[in-house]
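Here is a short report for a first look at one protein chain. It begins with a single residue and then widens to the whole chain.

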Amino acid sequence: MGTRRRELVAAARRGEDAIEEPLSRLRLDLTEMVRFCGRVFCGESSSHALAVHAIRAQSAIAIIGSIDGSTAFDRLRLAALDSVAGYMNGLDADTLDLVNADRITDGVTQFFRQRKVSARPLTGIFLICLNEAYAVSGGYREPYLGARNIAEMRLFTDLEDEPFVALCDELTIRFEESTGENSLIIASIEDVMAEFVRANPV
């Protein structure tokens, strides 16, 4: 199971990394920026990965020009990026140093810490759940990868998130064990993601 899981996750991440179209790239980099923000809240990630994706997203915006988010959560992520735009002038994602990475991360985490959805602070696993559910529902995150990103954080969940995280874990395990029912499992993942979005409007 461990080997197959690693192979499936690696394949999904390679697929995302290969995407070059600027708008799709922007959406994915914003998704990764927020996912790593949630991981930073949980003490499971350093500042570097978050900051790298923030810089890449800012670079994508420079190519695209101004952009309006298609959903309230997209606009929230863009606002988080805009809150640290001044820290990223002249920075390159490939040569980012720790001091600047920490400044960017501090700004993004402060932005989300000051906001709530469903009367809950946008921190930790709840932020990751929202981020992945909106990305899958928006069609720019591969459903299995979105559910696996949530399931791998199950040690950091609380009572409010636990049923959703457990369901994501169950569905990803079924997908990893599947010998031909993948499309049905993917449809189930998409359904539970859409329901989480409906239950937690931004």
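## A residue in helix H3

Ile61 sits in helix H3, which covers residues 47–64. Helices here are DSSP runs of H or I with at least four residues, strands are runs of E with at least two, and both are numbered from the N terminus. Ile61 touches Leu26, Ile67, Leu78 and Leu81, leaving aside residues up to four places away in sequence. A contact means heavy atoms within 4.5 Å. Ile61 and Leu23 are 38 residues apart in sequence, yet their C-alpha atoms are 8.1 Å apart in space.

## About the model

This is a predicted model, in which local features need pLDDT of at least 70, side-chain atom pairs count only at pLDDT 80 or more, and totals for chains, interfaces and linings use all residues. Residues are numbered from 1 along each chain as its sequence is written, and side-chain values use heavy atoms, with hydrogens and water left out.

## The whole chain

The protein chain has nine helices and two strands. Read from the N terminus, the order is α-α-α-α-α-β-β-α-α-α-α. The radius of gyration is 16 Å, close to the 17 Å that the globule rule gives for 202 residues, so the chain is as compact as a globular protein of that length. That radius is taken over C-alpha atoms, and the rule is 2.2 Å times the number of residues to the power 0.38. Along its principal axes, the C-alpha trace spans about 50 × 35 × 30 Å.

Of the 202 residues, 49% count as buried. Buried means under 20% relative accessible area, exposed means over 50%, and partly exposed is in between (1.4 Å probe, protein chains only). Among contacts between residues at least 6 apart in sequence, 71% join residues at least 24 apart.

## Surface and charge

The chain exposes about 9700 Å², and carbon and sulfur atoms supply 51% of it. These areas come from the Shrake-Rupley method with a 1.4 Å probe; for residues, only the protein chains shown count as cover.

The chain has 22 positive and 31 negative charges, and their mean positions are 1 Å apart. Lys and Arg count as positive, Asp and Glu as negative; His and the chain ends are not counted. Each charge is placed at NZ of Lys, CZ of Arg, CG of Asp or CD of Glu.

Asp29 lies in helix H2, residues 22–41. Its relative accessibility is 1%, so Asp29 counts as buried. Asp29 touches His53, Arg56 and Ala57, again not counting residues up to four places away in sequence. With His53 there is also a side-chain polar contact of 2.9 Å. A polar contact is a pair of N or O atoms within 3.5 Å; within protein, one must be able to donate a hydrogen and the other to accept it, and residues adjacent in sequence count only if both atoms are side-chain atoms.

Thr105 belongs to helix H5, residues 98–113. At 4% relative accessibility, Thr105 counts as buried. Beyond residues up to four places away in sequence, Thr105 touches Val40, Ser47, Leu50 and Ala51.

## The loop between the strands

Which loop holds Ser118? Ser118 is in the loop between strand S1 (116–117) and strand S2 (120–121). Ala119 lies in the loop between S1 and S2. Phi of Ser118 is near 55°, a positive value in a residue other than glycine. Phi of Ala119 is near 65°, also positive in a residue other than glycine.

Ser118 has 37% relative accessibility and counts as partly exposed. Ala119 is exposed, with a relative accessible area of 70%.
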